[in-house]
Every structure is written in structure tokens, then in C-alpha cells.
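Work through the exercises below with the sequence and the model open. Each task is followed by its solution.

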Amino acid sequence: MDTQNIDLQWLLITTLALLFKPAPIMLLMHLCFLMTQVEATIKVPAIIVFGDSTVDAGNNNHVPTLARSNFEPYGRDFEGGKPTGRFCNGRLATDFFSEALGIKPFIPAYLDPGYSIEDFATGVTFASAGTGYDNLTSQITNVIPLWKQIEYFKDYKTKLSSYLGKTKAEETIQEALFVTSLGTNDFVVDYYVSPSRPSQFTIEEYQNFLAGIAEEFIREMYTLGARRVAVAGLPPIGCLPVIRSVNFNAEMGGCREDLNNLARDFGGKVSGVVSKLSRELKGTKMVFLDLVDKPLQIIRNPHLYGLENVGRACCGTGTFEFAYACHEPDPFTCTNASTYAFWDSVHPTEVLYHIVADHLVKTALAQIL
Ligand SMILES: *[C@@H]1O[C@H](CO)[C@@H](O)[C@H](O)[C@H]1NC(C)=O
Ligand SMILES: *[C@@H]1O[C@H](CO)[C@@H](O)[C@H](O)[C@H]1NC(C)=O
């Protein structure tokens, strides 16, 4: 209530100030911005995140796995230049969601002992780099499987109840924005690499198998109180620098369109699950977050977005380094990542995440806020 009043007063003051110095478009932009902030402070008390390296903020630092990034140069552009375990030079898309909704500048990892329930009450990520929908994927990378992320969420709910009181905790969960982002590893570290799944499923069957797990997962989150849910699809994996570096087809070093199409196809299946469940589960607000179209637009027309380097990553030679292969000192690592789309050979830079996050906040997320 207090936040709302402060925002409204601020809105009034700014409006009056601007009226005396008229600049109609600026005024309008200002008003829209402030109104979004007002709404956000009322509606979304927390962001709760599940998934893989696209949304892990350091849970893997506490898991015995090679899927880590809590060392330099990771985090070079993060607050304090700190390598948190985010697979990025700075913040992730979910951190920008949190900031855009007026909550806080970044979302901490649940297993990070530097934070407590007081911090997690307004946002937390259970994500683990290297994980997937498929249990086998997290076994290959030795990270936290999706079912275990749900166990952590149950544990979180108990702590939230003691911290906020039962009613307020339930209200928080109900109004919170749930975000999930995973699936890439099911294809790139599991299906296309390990023989087990291809011997059981065609690629089409495997996609259906994963979409079935996504459905069960959303149902379980609903049972646990989630009502506002955003489910991300896959990024354009055919344009990851690591994939481009080994693309020896006609257009050498180009994107693999077959893999981008796979990301689209699987996105279609997940999107179908989201539509079905949003009709079936009462009182939900759900959206699918498409991660293919906007990133591809940026990769195809980088200059429109102030970017220059989209084929190679900033870290190392930009062709294959990620996780422990992306480390300091490396004379090839770029000195300024602000014009790069990719930070390491499989993960976006902060600037790419920022552009995509802003786009999603205004489009898909706006539908459920
Ligand atoms: C994944 O593993 C968990 C825990 O063993 C199990 O409950 C779940 O059914 C498994 N999921 C699938 C799709 O096999
Ligand atoms: C990187 O370059 C951008 C644009 O030229 C500049 O604004 C920014 O300060 C630079 N960052 C660092 C860390 O030098």
C-alpha cells in the first residue's frame, strides 16, 4: 500500500513538472513507464524461476558438476564484477524481468548461502545449468534435475510460510510470476550425443516425451499454488557460436537452420501445452515465451540493435569455449562485450538478454501481469 502511494505521488509530481515544460511525447512515455511500475508493485510480489543455465544464478556452485561458471571472466559486467555462477558477463533475462517489474535488480540462487528467505521472498531461482526436462539429461551433466527443483520449491514454501505467515505466503505464491526456461540440453547434451534416447524415440517422439514432462511439471506447480506462469521455449540453437563453428555445410560458419527449426517445432509443442492448460486449469494466467524470433531478428540485423559481433562469442576464440574452457587469463577474450550477442560459445551476453527481456516484458508477459 505504501509503495503504491509513493508511486502515485511521484506520478503526480512528475506530471505537474512536465506540464509546465511541455514535451508531449516524453510526457506520454513517462506516464506509461510510471503506470507500469505502479501496476507492477501492486501485482507481482515475487519471481520464482526453474530451469537451466539460461536462468541459473549460481545453484551449480553448490553441486559437484563441471557445468559451472563461478570464476572470471564470468560476471565481469555484473555488480562488483562478481562471477556469481550466471553463465553470462552480467545479468540474465529473468534479472531484467525482476527489475522491470520494480522488484529488485537480480534474482538470487536458492542454494547460495549468502541469501536467506528474506531475500528469496521477492524472488528466487532453483535453476541448474545443464539440466533438462528429461531426468537422463541432468544425470549426464550431474546437475539438479527438474523434479528436485520442485522439491526445493516445496522447501521454499515452508520457509516462506514461517517468514511471512501462512496467509501472506499463500497470497505471494498466488500472485508471483513463475518462469521456466529449459529444454536445450535435452537435445544438445542428451539426444544428439548419448545413444540411449535415440534408441527409444524418434526426434518427434522425443519432443512429445519432453512436452509431456513439461505438462506434468506445470500441473504440479499449479497444485503447489502457481497461477501466473511463463514457460519459455528454446533459443535458436542453430546460431550458437559452438554450433556455427562446426557447421561445415555450404554456408560455412552460418547458422544451422535445421536446429533453429527444431527449436521452433519444440516451442510449438510447449506452446500447445500452455494453451491447453490455461484453458483447463482454473484461475491461471499462462503464456509461452518465444525465444526464437526476437534473437534471430537480432542475429540477422545486429546493427539495428547496436550490436556488431553475432557469429563469434566474446570469451576466448569465441568458437567453442564455455564453462571451464572460458577462463582468465585468455588473450583472445574480447575487452568489451557490449557489441557481442554471445558471451561464451553457448550463452548470450547481458546486452542480448536485456533486449530480449525488454521485448518479452512488453509483449508476452504484459498479457499476464
Ligand atoms: C524423474 O525422476 C523422478 C525421481 O526419481 C521420478 O519421480 C519421475 O517420475 C522421473 N520422470 C520421468 C519422466 O521418468
Ligand atoms: C563498452 O563499450 C560501451 C560502448 O562503447 C561503453 O559504453 C562501455 O562503457 C564499455 N564498457 C567497458 C567496461 O569498457
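**Exercise 1.** Identify which residues of helix α8 are buried, and find what covers them.

Solution. Step 1: take buried as under 20% relative accessible area with a 1.4 Å probe, protein chains only, and helices as DSSP runs of H or I with at least four residues. Step 2: T184, N185, D186, F187, D190 and Y191 are the buried residues of α8. Step 3: their cover includes α5 (135-141), α9 (196-200), α10 (203-223) and α12 (257-280). Step 4: 6 of the 8 residues in α8 (184-191) are buried, so the helix is largely enclosed by the rest of the structure.

The model is predicted: local features need pLDDT of at least 70, side-chain atom pairs need 80 or more, and totals for chains, interfaces and linings use all residues. Residues are numbered from 1 along each chain as its sequence is written, chains are lettered from A and ligands numbered from 1 in the order written, and side-chain values use heavy atoms, without hydrogens and water.

**Exercise 2.** Locate R86 and decide whether R86 is buried or exposed.

Solution. Step 1: R86 lies in the loop between β1 (47-51) and α3 (93-100). Step 2: its relative accessibility is 3%, so R86 counts as buried. Step 3: beyond neighbours within four places in sequence, R86 has contacts (heavy atoms within 4.5 Å) with residues including D56, Y74, R91 and D95.

**Exercise 3.** Which residues surround ligand 1?

Solution. Step 1: N135, W147 and I213 surround ligand 1, each with a heavy atom within 4 Å. Step 2: an oxygen atom of ligand 1 is 2.3 Å from a side-chain N or O atom of N135.

Key:
Buried means under 20% relative accessible area, exposed over 50%, partly exposed in between (1.4 Å probe, protein chains only). Helices (H or I, at least four residues) and strands (E, at least two) are DSSP runs, numbered from the N terminus. A polar contact is a pair of N or O atoms within 3.5 Å; within protein, one must be able to donate a hydrogen and the other to accept it, and residues adjacent in sequence count only if both atoms are side-chain atoms.
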